[in-house]
Amino acid sequence: MRLIALSTLVLALTGCAAKTVVINTYEGTPQAVATIKPVAFIVIRRIDGRDYYINPSSLTPKEYELGVLPGEHTFLLDYADGTASSSRSTELKVEVAAGRRYIIRPMTGKYDWMPRLIDVTDRPECWTLGVGTGLGPKGCN
């Protein structure tokens, strides 16, 4: 069963081009925003108190790009990789700057995980769904 789940995930991540879904978390038309991409296995439940369900590791390959205003933001996140998932949601508070690109990726341990925001503005190779999956580029920590 675990092999089937992993095979399905690999096919979903690599089998076809991912559709990009852009979600702006603000109202109006600000001059500059930060862009955040949750990578595979990160499930976003809430951003700044507003409920979402953003799951880039679903079987239909979608990449999400979130437009957020510069400043501080709070995310409520889960982890789900097809074989394991978090038992409780984790809060991530971040500070972002206008014009920058960030990824939210999981840092996993033997029994737990922690989300991490990483500025990849100057590392375009890290702007991919597969970061942290073993299929994506290395050195995007």
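**Exercises: a disulfide, a strand and a loop residue**

The count of disulfides comes to one, taking a pair of cysteine sulfur atoms within 2.5 Å as the rule. The model is predicted.

**Exercise 1.** Find which cysteines the disulfide joins, and state the handedness of the link.

*Solution.* Step one: take the sulfur atoms. Cys126 and Cys140 are joined, with S to S at 2.0 Å. Cys126 and Cys140 both lie in the segment after β9 (113-119), 14 residues apart. Step three: read the angle. It is -80° about the S-S bond, and the link is left-handed. Step four: check burial, with the cut-off under 20%. Cys126 is buried because its relative accessibility is 0%. Cys140, at 1%, is buried too.

**Exercise 2.** Work out which strands pair with β2, and in which direction they run.

*Solution.* Step one: take β5. Three bridges join β2 to β5, and the two run antiparallel. Here Ile36 has Leu66 as its bridge partner. Step two: take β8 (residues 101-108). Four bridges join β2 to β8, and these run parallel. Thr35 is bridged to Arg101 in β8. Step three: consider burial. Four of the five residues of β2 (residues 34-38) are buried, so the strand is largely enclosed by the rest of the structure.

**Exercise 3.** Decide whether Asn55 is buried or exposed, and list what surrounds it.

*Solution.* Step one: locate Asn55. It sits in the loop between β4 (50-54) and β5 (62-68). Step two: apply the cut-off. Asn55 has 14% relative accessibility, so it counts as buried. Step three: list partners. Leaving out residues up to four places away in sequence, Asn55 touches Ile42, Val43 and Tyr64.

How values were computed:
Residues numbered from 1 in each chain as written. Predicted model: local features only at pLDDT ≥ 70, side-chain atom pairs only at ≥ 80, totals over all residues. Heavy atoms only, no water. Buried < 20%, exposed > 50% of the residue type's maximum accessible area, 1.4 Å probe, protein only. Contact = heavy atoms within 4.5 Å. Pairing = 2+ DSSP bridges.
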